[in-house]
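Hello,

Here is the structure for you to look over. My notes follow below it.

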Amino acid sequence: MRRVWPRHNVFVDFHRYVALGDSFSEGVGDPDPARPNGVRGWADRVAEVLAARTDDFGYANLAIRGRKMDQILAEQLEPALSLKPDLVTVYAGANDIMRPSVDIDALVERYAAAVARLAGSGAHVVLWTAFDPGGSKVFGTMRGRFAIYSELVREVADRHGATLVDFWRLREYRDWRLWEPDRMHMGPAGHQLMAIHVLDALGVHHELEPLPLPDVPPPAFRDNARANAEWVRQHAAPWVHRRLTGRSSGDGLDPKRPVLGPVP
C-alpha cells in the first residue's frame, strides 16, 4: 500500500535512501579524495544527517557525472527500485537541455513515468527544477529551455506528491562563489547550501550551517571578457569536444555507492 506523505513536513525518519542522477547528485565540485569517485556532495551531506536519526540507516548513490536522462533511467531506475528505498532523490535532464536540440516535453514525459514508478513503490521522491541561468551571459541564452523544463517538473512533482526543491527560485545561487570555476558544478559551499535546502524541504531537523564564502567575490562572470575567454578555453571547449566525439566525463566510472550501506 502506498504511503501518503505530507507535502511540507514528513515527520518520519528515513531508513533507506537512494540518490539518482548526474554530476549534481554524484557530488562533482565538492572534492574529497577519501570518498569513492573522489567527491562528497550534497547527497552525502544529507545522508549524514539522516543517518544520525536512526540506527539502521542505509545510503546508496547511483549518480554518475555526464549522464543524460535516458542513461539515468536505463542504468539507475531498476537498481534503485531493487533496493526498496523509502527516500529517493533524482535530478536528471540538465545534460539533455544543453544539447543543440531537445524535445523537452518528451523528455519530461519519460521522467514522469520513472517518477511514477518510484512513488508507486512507496518511496518518497524529491525532485528539482533547473537553476535559472539568467545571470550568466553564456548559459542565459538557454534560459527559456530551463524555464519550460522547470514548469513541467513542477507539474510532475504535484502529480506524484513529490517534495520539490525549486532551484529556479534559489536566488542565492546567483553568487558565483557557490560554484566551481567551470560554472557548471556547485562548489563545496554550494553543495552544503543545497543539503540545507533539501533537509528543510523534507522538514528534517538539522544543524547544518552555510559554509563561509570568500570576502571578495570573483569577477562578474557576465561582464569580464578575460574570465569568459579563460572559461571557454579550460571548460567549455573540452565539454563541447567530448560531446562531438561521443564521450562523457563519466566514462569508466562506477556509481560511488552502488548498494545500501552505512554512512561513516
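Helix H2 (residues 42-51) lies across strands E1 (16-21), E2, E3 (87-91) and E4 (124-128). H2 runs at about 170 degrees to E1. Helix H5 (residues 104-120) also packs on the sheet. H5 touches E1, E3 and E4, and makes about 155 degrees with the direction of E4. Axes are lines fitted to C-alpha atoms, for helices over the stretch in contact (heavy atoms within 4.5 Å). Angles run from 0 to 180 degrees between N-to-C directions.

A word on the source. This is a predicted model: local features need pLDDT of at least 70, side-chain atom pairs count only at pLDDT 80 or more, and totals for chains, interfaces and linings use all residues. Residues are numbered from 1 along each chain as its sequence is written, and side-chain values use heavy atoms, without hydrogens and water.

The sheet is open, with 6 strands in the order E5-E4-E3-E1-E2-E6 and mixed pairing. Strands E5 (163-165) and E6 (257-261) are the edges, each pairing on one side only. Pairing takes at least two DSSP bridges between two strands. E2 (residues 58-61) and E6 pair in the antiparallel sense over 2 bridges. Asn61 has Arg257 in E6 as its bridge partner.

Overall, the chain has 8 helices and 6 strands. These are DSSP runs, numbered from the N terminus: helices (H or I) of at least four residues, strands (E) of at least two.

Best wishes
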